[in-house]
Amino acid sequence: MSLIRFEQVDLVFGKRPRQALELLDAGLDRQAIFAHCGQLVAVAGADLEVERGETCVLMGLSGSGKSSLLRCINGLNRISRGRLWLEHDGRPLDLARCTPAQLKVLRTRRIAMVFQQFALLPWLTVAENIGFGLELQGLPATERRRRVAEQLELVGLGPWRDKRPEQLSGGMQQRVGLARALAMDADILLMDEPFSALDPLIRQQLQGELLDLQRRLRKTIVFVSHDLDEALKLGNRIAIMKDGRIVQHGRPEQILLAPADDYVRSFVAHCNPLDALRGRSLMRPLNGSTGEICLDAQLDCWLQLAADQRPLSARRGAEALELQRWTPGQPLDGLRPRPTLVDAGIALRDALQVRHHSRHPLLLEEQGRLVGLLDEAELYRALRRQEAPAAD
């Protein structure tokens, strides 16, 4: 099962939620329900699955319901109707119906949260703030000190361990909040617009640091944002919300290339696709081709494929061409003018640069097999936000 699964979740703020739910079932929207009975429908009919180890970003305008939905996961908001399942000890646990004792275990062992406004205790030092949750867990002092030291090193705050929060910059304070959550060793991390109060440069830096941490730690992260560029950068999947409802949920490239409606289309109209779009969504698929295939008719460039679609050799006319490979971080100026093997998950930004330096189509691989080609036509279509043609 998915680690977290919402099934038709409704959340109503007010003293008469049943009345609001009846009106919701009758087809009224949240504005009409509030005008009729003063109850606020924060979330309506939410269906969402979050897989273990992924970063799911909930995004939308202020008041769209994204933070309200997030806070259902740790019980800060108790849902009014529906099911919210969490895989726990190998079995599904319904968070909407769990006992106070079960909820306490989840909050102290399984789920940690990073807040927008840092929520640090001003009378404690950096190290004491990081270890506060561990103290609530009842961990021995020796173990607390060990974990705190690990997290200080992880977020680069070792020299500031004895400082108070007011002595730190906003970015450093947010690192303390992140370290405090990570010290709990929870496998689920909830992040409620954690970078929105920071300056743009610090925000970008912390986004990059979070990506690096996630590559190492593989936490399950549910992240709230109102910034689509941030969502596209961080999320494996994105759920866009409007008026309490999820209007589209999918991979970043699906959101960019196939917006579900005009609301989503308005969100993606001005965002930067260079880091969000990936080669596998843009490529010309090979559809099981084997033998010799033409890479570029003008260059008279050909590629020989084995029966299992592994690349064997290339030629330009009668001249043999040695294939080359590029991986992220490798210098681009070392590329020679010849076909280049790259991972199918290559970002559009990198694909454009590799194509420019190699002057030949890119050969996209997955697990050693060639799955598609990226050339000027596909890259141009990507910049125009057009979907790749469907496979035959």
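Start by selecting Cys98: at 8% relative accessibility it counts as buried, where buried means under 20% relative accessible area, exposed over 50%, and partly exposed in between, using a 1.4 Å probe and protein chains only. Before you click on, note that this is a predicted model: local features need pLDDT of at least 70, and side-chain atom pairs count only at pLDDT 80 or more, while totals for chains, interfaces and linings use all residues. Residues are numbered from 1 along each chain as its sequence is written, and side-chain values use heavy atoms, with hydrogens and water left out.

**Stop 1: the cysteines**

How far is the sulfur of Cys98 from the closest cysteine sulfur? The distance to that sulfur, in Cys72, is 12 Å, which is too far for a bond. A disulfide is a covalent bond between the sulfur atoms of two cysteines; the test used here is a pair of cysteine sulfur atoms within 2.5 Å.

Now jump to Cys301, which is buried at 0% relative accessibility. The closest cysteine sulfur belongs to Cys294, 7.6 Å away, again too far for a bond. By the distance rule, the disulfide count is zero.

**Stop 2: helix H8 and its surroundings**

Helices here are DSSP runs of H or I with at least four residues, strands are E runs of at least two, and both are numbered from the N terminus. Select 200-217 to get H8, which has 18 residues. From first C-alpha to last, H8 reaches 25 Å, close to the 26 Å expected at 1.5 Å a residue (the expected span is 1.5 Å times one less than the number of residues).

Which residues of H8 are buried? Color Arg203, Leu206, Gln207, Leu210, Leu213 and Gln214. They sit on the same side of H8 because they cover an arc of only 130° around the axis, taken from the directions from the helix axis to the C-beta atoms.

To see what covers the buried residues of H8, show strands S3 (55-59), S7 (188-192) and S8 (220-225), plus helices H6 (141-154), H7 (170-183) and H9 (228-234), which are among the covering elements.

Two backbone spots are worth a click here. Glu193, in the loop between S7 and H8, has a phi near 45°, a positive value in a residue other than glycine. Glu193 counts as buried, at 13% relative accessibility. Just after H8, Arg218 also takes a positive phi, about 55°.

**Stop 3: strand S18 and its partners**

Select 362-366 for S18: four of its five residues are buried, so the strand is largely enclosed by the rest of the structure. Thr340 has Leu362 as its bridge partner in S18. Follow the chain from S17 through helix H13 (residues 348-358) to S18, and you trace a right-handed β-α-β crossover. Right-handed means that, with the strands pointing away from the viewer, the path from the first strand over the helix to the second runs clockwise.

On to S19 (residues 369-374), which pairs with S18 in the antiparallel sense over five bridges. Leu364 finds its S19 bridge partner in Gly372. S18 and S19 form a hairpin with two residues between them.

Finish on Gln367 in the turn, with its positive phi of about 55°. Is Gln367 buried or exposed? Gln367 counts as exposed, at 81% relative accessibility.

Technical notes: Contact = heavy atoms within 4.5 Å. Pairing = 2+ DSSP bridges.
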